[in-house]
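Dear colleague,

I am passing on the structure that we spoke about, and my notes on it follow below. Please read them with the model open beside you.

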Amino acid sequence: MSREQSSGGGWFREADYDLMLTELERSAPTSLWSEVRRRFREQRAARWSARLLMVLALLAFFAPLLPLPSPAAMRLAGAPHAPVAPWSEFVNQRYEPVYGPLGALDRALVATRQKLFGKTQLGSWLGTDTKGRDTLARILWGSRTSLLVALCAALTSLSLGVAWGALAGLSGGRVDNLMMRALDVLQSIPTIFVVIFLLSFLNAPSAALGGARLLSREQVFFLVIGAVSWLSMARVVRGQVLALRSAPYVEAARAQGASLVWIVRKHVWPNVLPVVGVYVTLTLPAVILYEAFLSFLGLGVEAPNVSWGVLAADGAEALSPLVSSWWLVAAPSTALAATLLALGLVGDGLRDALDLRRGER
Amino acid sequence: MIRFLVRRAAWFAFTVWAVITIAFFLMRAVPGGPFSSERRLPPSIEAAVEARYHLDWPLWKQYLQMLGPLNLDERGWFGDSTRVTGGVLAADLGPSLQHRDVTVNEVLAQSLPISLALGSVALFWALTLGLSGGLIAALWPGGKLDHAARALSTLGLALPNFVIASLLVLSCAIAFRLFPVAGWGSAAHLVLPGFALGVPFGAYVARLFRAGLLEALAHDCVRTARAKGVPRARIVWRHAMPSALMPVISFLGPAAAGILTGSLVIEKIFAIPGTGSHFVASALNRDYALAMGVTLVYTVLVYGLNVLVDVAYTLLDPRIDLERDA
């Protein structure tokens with residue numbers, strides 16, 4: 001009500017009716033999701049984090065197109081080079097194409113880059129590693145692996161975890177009990193075992209394909225990380241479904257003769273979704289860190305491919321009191337920390353927008 | 001309580017059996033054997049080595065032999081009694097396939113205390129840092145201390161622990177020479193690795209505890225207590241603390257199993273001879289016996305700690321009835 005409310009002699013004028021109408025329209029019942037979107041946008045930190053993640057995803061996808069040095073090109077003389085400020089050396093002409101095996105899309109992107117920029121590449125703004133490879137380029141190329149791992153794990157825990165949890169919660173009784181005990185057992189096996197065995201199992205040349213591999217090493221890695229990250233999601237979903245099943249309005253719907261499909265679609269699914277969404281934002285950082293952990297142990301991606309975990313592990317290894325190549329730790333750690341922080345803030349924002357926990361401020 | 005514990009014991013037996021069985025067949029299904037990576041041995045010697053570890057037996061026989069104190073050999077169920085066979089039920093895990101002339105029991109007896117000591121220090125750090133950070137943040141929500149605590153906990157969660165460990169070594173061990181760089185032997189050797197191992201858990205505990213305290217402090221009973229004039233410290237201690245601790249405990253229960261069995265990364269960086277390295281090495285080398293041993297230890301710890309969590313729940317919240325919920 002921005003306009004003054006004094007409407008003369010007590011009767012409403014035409015303009016007042018217009019005003020009331022717009023007010024009414026604004027307060028008209030909106031759908032749950034537009035409401036959630038609005039409340040999410042109201043939070044500055046979450047909004048900016050979401051933007052940061054989007055920018056990061058775009059940078060990761062278009063990394064081959066950017067005028068970066070090749071992530072595998074070495075300049076051994078005098079390595080590691082300290083970072084040079086962009087204003088002292090913005091670009092140079094030393095680009096040489098050295099890439100690992102690339103997919104068709106990446107090959108096309110790299111070809112476009114070579115046509116667009118030729119020999120021009122950005123200076124080593126973030127320095128180079130002990131083998132003289134450009135840190136910025138490796139971080140951007142590494143983000144492709146790290147983000148893809150996170151995405152795969154999220155998809156697995158979404159499909160497998162939600163299906164398992166929902167099935168257990170909906171069936172209830174003995175089936176539920178059995179499915180939960182199976183989860184108990186799976187959770188009691190050390191994850192690292194499952195990872196190692198699955199990796200060597202899937203990486204072995206299969207006889208059926210004439211000694212060829214069904215999947216590339218990277219694909220196997222993504223699959224394995226996904227396979228070990230769905231257990232808690234199943235638990236969370238099952239808990240939510242169980243709580244919903246005995247909610248009064250669901251019982252009322254059942255008393256009115258609603259079918260199971262209807263109840264799931266109309267009552268269970270929309271109420272499980274928020275929890276799932278928030279839980280995914282918790283899974284993503286955990287998976288990115290797990291990739292770092294596996295890469296540190298040498299079980300992760302192999303050279304010439306890079307990931308943030310590989311970079312952080314290399315940096316930690318290069319850390320010594322004699323040569324202080326601090327940027328090799330600082331750069332990947334900052335990338336990791338910023339991404340995980342942004343994911344966490346988006347998760348918090350989502351939770352607040354969905355009003356899952358009023359108590360937390 | 002007794003009935004609850006009996007029920008859980010039964011489930012415990014089932015879980016251990018299931019884990020053993022899955023682990024056994026998973027290991028055998030994976031290509032490669034314990035001796036396949038080495039220099040090719042002459043066939044006669046290879047056969048002798050395999051016979052020593054019963055790898056020449058059919059799978060079901062190996063399984064039974066691993067499981068129980070049955071004395072199996074070629075002549076039947078109870079044959080030559082000089083060939084001692086142990087088994088999980090007899091708490092004898094047999095000889096290690098990779099570490100020659102050492103049994104798995106000996107390997108575990110040597111490395112487990114080390115990991116337990118390290119894990120206890122890490123748990124201590126996690127609890128001290130986490131609980132104090134969470135408490136400070138929750139007492140003045142929105143204040144400077146709250147923001148500082150949240151920023152620190154975010155950093156602790158977002159940095160891989162090998163980065164934290166390297167930074168610690170560089171600052172506390174090399175620059176200031178406060179603690180030894182690596183190794184094992186004295187109490188001073190425990191401080192840095194314990195801290196590095198505990199920090200991420202402490203960061204998570206701080207977040208959980210803060211959220212739990214804020215939720216608990218919004219309860220009606222707290223308002224009533226304040227209206228009665230109960231001092232603030234007593235309100236936090238008596239009314240908010242118990243329910244705020246519950247999410248912390250349910251997180252720390254399973255997490256402690258991982259901490260206590262050692263962290264591969266931390267043990268590698270600080271050159272600590274704990275169980276952590278055996279998890280990876282035994283799986284990579286197909287050391288079936290040792291892999292079974294560490295799996296068993298881990299499973300028992302996870303399960304035991306989960307039971308402890310449930311028991312702790314009843315102490316913190318008298319409404320929870322284990323007999324009914326078990």
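**Two helices within chain B**

Helix H7 (residues 188-217) of chain B packs against helix H9 (residues 232-260) of chain B at an angle of about 155°, and their axes are 7 Å apart. Axes here are lines fitted to C-alpha atoms, for helices over the stretch in contact, and angles run from 0 to 180 degrees between N-to-C directions. H7(B) is therefore roughly antiparallel to H9(B) (angles over 145 degrees count as roughly antiparallel, those under 35 as roughly parallel). Helices are DSSP runs of H or I with at least four residues, numbered from the N terminus.

Please keep in mind that this is a predicted model, in which local features need pLDDT of at least 70 and side-chain atom pairs count only at pLDDT 80 or more, while totals for chains, interfaces and linings use all residues. Residues are numbered from 1 along each chain as its sequence is written, and chains are lettered from A and ligands numbered from 1 in the order in which they are written.

The residues of the contact of H7(B) with H9(B) divide into 18 nonpolar, two polar and no charged. In this grouping Ala, Val, Leu, Ile, Met, Phe, Trp, Tyr, Cys and Pro count as nonpolar, Asp, Glu, Lys and Arg as charged, and the others, Gly among them, as polar.

**Where the chains meet**

Between the chains, 32 residues of chain A are in contact with 39 residues of chain B, two residues being in contact if their C-beta atoms, placed from the backbone, lie within 7 Å. On the side of chain A that touches chain B, H13(A) gives the largest share, seven residues, and the residues of that side divide into 24 nonpolar, five polar and three charged.

One pair of helices across this boundary is H12(A) and helix H6 (residues 161-175) of chain B, which pack at an angle of about 15° with their axes 9 Å apart, so that H12(A) is roughly parallel to H6(B). Here Ala312(A), Ala313(A) and Ala316(A) in H12(A) meet Phe162(B), Val163(B) and Ser166(B) in H6(B), and the residues of this contact divide into five nonpolar, one polar and no charged.

**A loop residue in chain B**

Pro141(B) lies in the loop between helix H4 (104-139) and helix H5 (144-158) of chain B.

With best regards

Notes
Parallel < 35°, antiparallel > 145°, perpendicular 65-115°, else oblique.
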